[in-house]
Amino acid sequence: MSEAPAWQGDLYDLLKNEFDVSQFSYVPDAGHRELINRSIADPDVHSVSLTTEEEGVALQCGAHLGGARSVLLMQSSGVGNCVNFFSLVAHGRFPFLTFVSMRGDFGEGNAWQMAMGKATQPVMEASGITCLRVDSEDELIPTSRAACTMAFQSEEAVAVLLTQKLLGAKAFPTA
Amino acid sequence: MSSKPNLRLGPDQDVADGVLERRHAITELVGDPGETLFVSGLAGSKDDILHVVGADSPAAFTLSGAMGAAVAMGLGLALAQPDRKVMVVTGDGELLMNVGTLATVGVLNPSNLSIICVDNEHYGETGWQESHTGRGVDIAKMAEGGQIPNVRTVNKEAELGEAAQMLREGNGTSFVLVKVAPTKPPSIYRSRDASWHKGRFREALLGQN
C-alpha cells in the first residue's frame, strides 16, 4: 500500500495538539487512513471504530456534554446515514466537526458513488452544517484550522469536504 | 405462530402477576443515583429515569428525538468522563434502531458505562405495535454478541437485586435487559429544549457551559 500523504499526519497533529481533540471516531476509509492509524496507536486519545457513521454524530454530542472534543471521519456515502442525528446537533446547538472524504465528485469512475456524492453538500447544508471544501494540499491545514475554530470556539456544525481533486479518484476497471 | 404480528390496540391496564412494572423495576435497578450521569432514549425510558432523578435534574440528558442515539451519546460521555459513572436508559425500539452501537461499545468496554434496556416488547408511542422483541428477538444476546462483558436479563422481582449490584460494580461495561409489562405510566413533563438541557448539564458537571 502506498504511503499516506504528509498532510494526513499534519491534520492529526493539528486536531490533537492544537485543538485538544481526544475522540476520533470513524468508519474505515482510505482517505482517512493515516488519521485512523495514528488515533489507534495513540494512547492519549480514544479511537472509536463505528458500525455506522451516525453513531459518531451522537458520540460527539455526548463528548461535548462531558467537556471533551471529538471528530467524525467518514466517507461522503456515510453522510446519508447521519441525517436524522444531525437534528440532535441542530436542535441541541452542539458543536460538530466532521472530515468527509468525497466520493462521487471530480473524476469518479464508479457510477454507484455519484448520487450520494452529488447529495452530500446539499444534504449537510439543509441540515444546518457549514461545508468547507478542500481541493489542494496547501489549503488543507488553513481550512481545517478555520473549521476547528468555528466548531470548538463558536460551537458551530462544520464539515471539511476533502474532494477528489485533493485525494485523487480511485481507479476502476473498465473491461 | 400466525403469519401476521399480533397487533395490540393499547397498553395492558393491569400488570399481570409475576411481570415487572417499569417504574418499579428501573427504580430498583438504578438504586441511589448518587453522582451518576444519565442519558436516556425517548418517551417511556425518559420518563422512567426522570421518575428516579426528578424532572429538573441536570444530571440527566433525555432525548425527545434522534431515535437510536442514546447509547452512542452515553459512550461519548463515558469516554469524556472516565471517573464518573454513566448510565444509559433506553427502550427496545430505540435500541433496535441502532443495535450496532452495542458492538461499538463492547469493543471499547468502558468500565464506567452501563446500559439498561427497558423492554416492553412494544412501540408504545406510536400505537402499541408489537416490536421485534415480542416476536422472539433477544437484545441481551445481541449485547453478548457485541462483546459487552456483563449482561443480564431480568424477568422477575427476585432478579433485580443481583442485576442492580452488577450495574453498580462497574467491572467493564454492563448491560441489563429488563422485561416489563406494556403499561404507560403518567408521563413526566420536562422542557424539550435540548440546547438548554445541554447547558444545564455542562454547567452542573463542568462548572461552565
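Between chain A and chain B, 0 salt bridges are counted, a salt bridge being a side-chain nitrogen of Lys or Arg within 4 Å of a carboxyl oxygen of Asp or Glu. The model is predicted, so that local features need pLDDT of at least 70 and side-chain atom pairs count only at pLDDT 80 or more, while totals for chains, interfaces and linings use all residues. Residues are numbered from 1 along each chain as its sequence is written, chains are lettered from A in the order in which they are written, and side-chain values use heavy atoms, with hydrogens and water left out.

The two chains bury about 2200 Å² between them, 64% of it on carbon and sulfur atoms; buried area is the accessible area (1.4 Å probe) that two parts lose on being put together, summed over both. Polar contacts (N or O atoms within 3.5 Å, one able to donate a hydrogen and the other to accept it; residues adjacent in sequence count only if both atoms are side-chain atoms) link 12 residue pairs between chain A and chain B, both residues at pLDDT 80 or more. On the side of chain A that touches chain B, β2 (46-49), α3 (53-65) and α5 (86-92) of chain A each supply at least two residues, and α3(A) gives the largest share, 9 residues. Helices (H or I, at least four residues) and strands (E, at least two) are DSSP runs, numbered from the N terminus. Chain A and chain B each contribute 29 residues to the contact (heavy atoms within 4.5 Å).

Beyond its neighbours within four places in sequence, Leu88(A) is in contact with residues including Ala58(A), Cys61(A), Phe61(B), Leu63(B) and Met73(B).

Over all chains, 15 salt bridges are present. Glu121(B) and Lys179(B) form one of these at 2.7 Å, N to O. Glu121(B) lies in the loop between β4 (113-119) and β5 (122-123) of chain B and Lys179(B) in strand β8 (residues 174-179) of chain B, so the pair ties together parts 58 residues apart in sequence. Glu121(B) is partly exposed at 26% relative accessible area, whereas Lys179(B) is buried at 17% (buried, under 20%; exposed, over 50%; partly exposed, in between; 1.4 Å probe, protein chains only).
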